[in-house]
Amino acid sequence: MEHHLAPTFELFGITFNASNVLMLLIAAAIVFLIALVSTRNLKLKPTGMQNFMEWVMDFVKGIIKSNMDWKTGGSLHVLGITLLMFIFVANMLGLPFAIVVDGYLWWKSPTADPGVTLTLAAMIIILSNYYGIKAKGFGAYAKDFTQPMWFLTPIKIIEEFANTLTLGLRLYGNIYAGEILLSLLAGLATTGAVGFLAAVLPTLAWQGFSVFVGSIQAFIFVMLTMVYISHKVADDH
Amino acid sequence: MFFDHLVLGAVEAEHSFLNIGDILATLVIFLILLFLLKKFAWGPLMGIMQQREELIASEIEAAESSRTESQKMLDEQRSLLKEARNEALEIVESAKRQGEASREEIITAAREEANRIKENAVLEIGNEREKALAAVREEVVALSMLAASRVLGKELSEEENRQLIDETIAKAGEVQ
């Protein structure tokens with residue numbers, strides 16, 4: 001594993017990582033295509049991909065329902081499904097291969113970048129605070145920070161940032177670690193015939209495990225999203 | 001070497017730690033994806049699931065109502081059948097009763113008729129007998145007169161003869 005460079009460029013004085021932007025676009029495009037293809041020819045008696053999509057919807061519905069009642073959580077359904085699909089696809093993208101051109105890493109999981117995952121996490125935490133204010137009004141929302149004891153307020157405020165960090169870094173760490181190990185194994189495989197043979201089995205095992213980790217991380221991200229939002233929205237805590 | 005990669009943002013160590021552009025790109029791409037999916041995929045899918053839910057509910061309701069309706073009809077038919085059976089029984093009963101009555105009537109009428117005919121016959125027989133007896137009596141008187149006149153050779157007065165003969169006959173009747 002060499003130290004890969006990031007293909008950055010600047011636009012309007014803002015630095016972009018071209019690889020991140022590209023992979024985010026690809027992930028979004030794949031999710032959109034899957035969703036679009038499976039929701040053409042919608043029927044009352046579902047067949048094929050529509051069945052799968054309906055299963056995903058029910059799955060997310062189950063996650064939301066396990067955290068709050070459907071009346072308040074119904075509006076989060078779309079967000080939950082999109083998050084789940086997007087993070088899952090993003091996690092899977094880096095598994096089959098990585099593309100490095102002239103030392104620049106182009107193809108990888110977009111979720112293997114802390115900037116991306118922390119942005120998603122921050123978005124979720126901000127959203128949860130927004131929903132908290134919207135559901136209870138600013139007074140009750142602010143009062144929640146002094147519960148159960150007034151002197152815990154600093155800790156409650158820190159908790160918001162800690163939540164952001166853990167939510168984002170958990171996803172990033174899992175996916176990034178998976179890719180590191182995969183690229184190490186790929187590096188081993190390119191050293192020669194012996195190295196190749198030695199690398200085949202571990203690579204196979206690790207890729208299978210990464211599929212599992214990627215699915216679990218997508219699920220955990222959505223689950224925690226709903227947990228945080230329900231903490232802010234619910235009355236009794 | 002290994003631990004380099006465990007540092008946050010190790011990949012882009014030579015650049016600024018925070019890429020504002022990545023944050024913007026992530027947000028914009030995710031929100032656009034959210035919007036597009038809601039409009040083109042989840043919206044219609046949720047719509048059809050809602051529609052199915054409603055369809056199932058209405059079907060269940062329709063089945064329920066048709067079930068109660070058929071139950072009602074069944075009860076109705078059953079009661080109608082019962083009524084019809086009762087009516088039929090009644091008709092048979094009344095017909096039987098009527099038949100019995102008319103049989104009785106016919107028998108009585110026939111008996112009366114027979115009695116009447118018999119009485120008539122008896123009456124007529126008595127009359128005829130009386131008539132025959134009178135005729136015989138007349139004949140006997142005439143014959144007796146004729147015989148007596150021959151025997152006596154003389155003409156008795158009609159008055160005296162008749163008286164005498166009547167007495168004789170009366171005596172004969174008593175003797176008889």
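In this predicted model, the contact between helix 1 and helix 2 of chain A brings I34(A), A35(A) and S38(A) of helix 1 together with M49(A), Q50(A) and M53(A) of helix 2. By class, the residues of this contact divide into four nonpolar, two polar and no charged. The axes of helix 1 (residues 18–38) and helix 2 of chain A come within 8 Å and cross at roughly 120°, which makes helix 1 of chain A oblique to helix 2 of chain A.

Helix 2 of chain A also meets helix 8 of chain A, with F59(A), I63(A) and I64(A) on the side of helix 2 and F219(A), V222(A), M223(A) and M226(A) on the side of helix 8. This contact has seven nonpolar residues, with no polar and no charged ones. The axes of helix 2 (residues 48–65) and helix 8 (residues 193–233) of chain A cross at roughly 40°, and the two helices are therefore oblique to each other; the crossing of helix 2 of chain A past helix 8 of chain A is right-handed.

The axis values for both pairs are set out below.

| Helix pair | Axes come within | Crossing angle |
|---|---|---|
| Helix 1 of chain A and helix 2 of chain A | 8 Å | roughly 120° |
| Helix 2 of chain A and helix 8 of chain A | 9 Å | roughly 40° |

Chain B has two helices and zero strands, and of its 176 residues 14% are buried. The accessible surface of chain B comes to about 14400 Å², with 61% of that area belonging to carbon and sulfur atoms.

Technical notes: Residues are numbered from 1 along each chain as its sequence is written. Chains are lettered from A and ligands numbered from 1 in the order in which they are written. This is a predicted model: local features need pLDDT of at least 70, side-chain atom pairs count only at pLDDT 80 or more; totals for chains, interfaces and linings use all residues. Side-chain values use heavy atoms; hydrogens and water are left out. Helices (H or I, at least four residues) and strands (E, at least two) are DSSP runs, numbered from the N terminus. Buried means under 20% relative accessible area, exposed over 50%, partly exposed in between (1.4 Å probe, protein chains only). Accessible areas come from the Shrake-Rupley method with a 1.4 Å probe; for residues, only the protein chains shown count as cover. Axes are lines fitted to C-alpha atoms, for helices over the stretch in contact, and angles run from 0 to 180 degrees between N-to-C directions. Angles under 35 degrees count as roughly parallel, over 145 as roughly antiparallel, 65 to 115 as roughly perpendicular and the rest as oblique. A crossing is left-handed if the near helix is turned anticlockwise from the far one by less than a right angle, and right-handed if clockwise. Contact means heavy atoms within 4.5 Å. Ala, Val, Leu, Ile, Met, Phe, Trp, Tyr, Cys and Pro count as nonpolar, Asp, Glu, Lys and Arg as charged, and the others, Gly among them, as polar.
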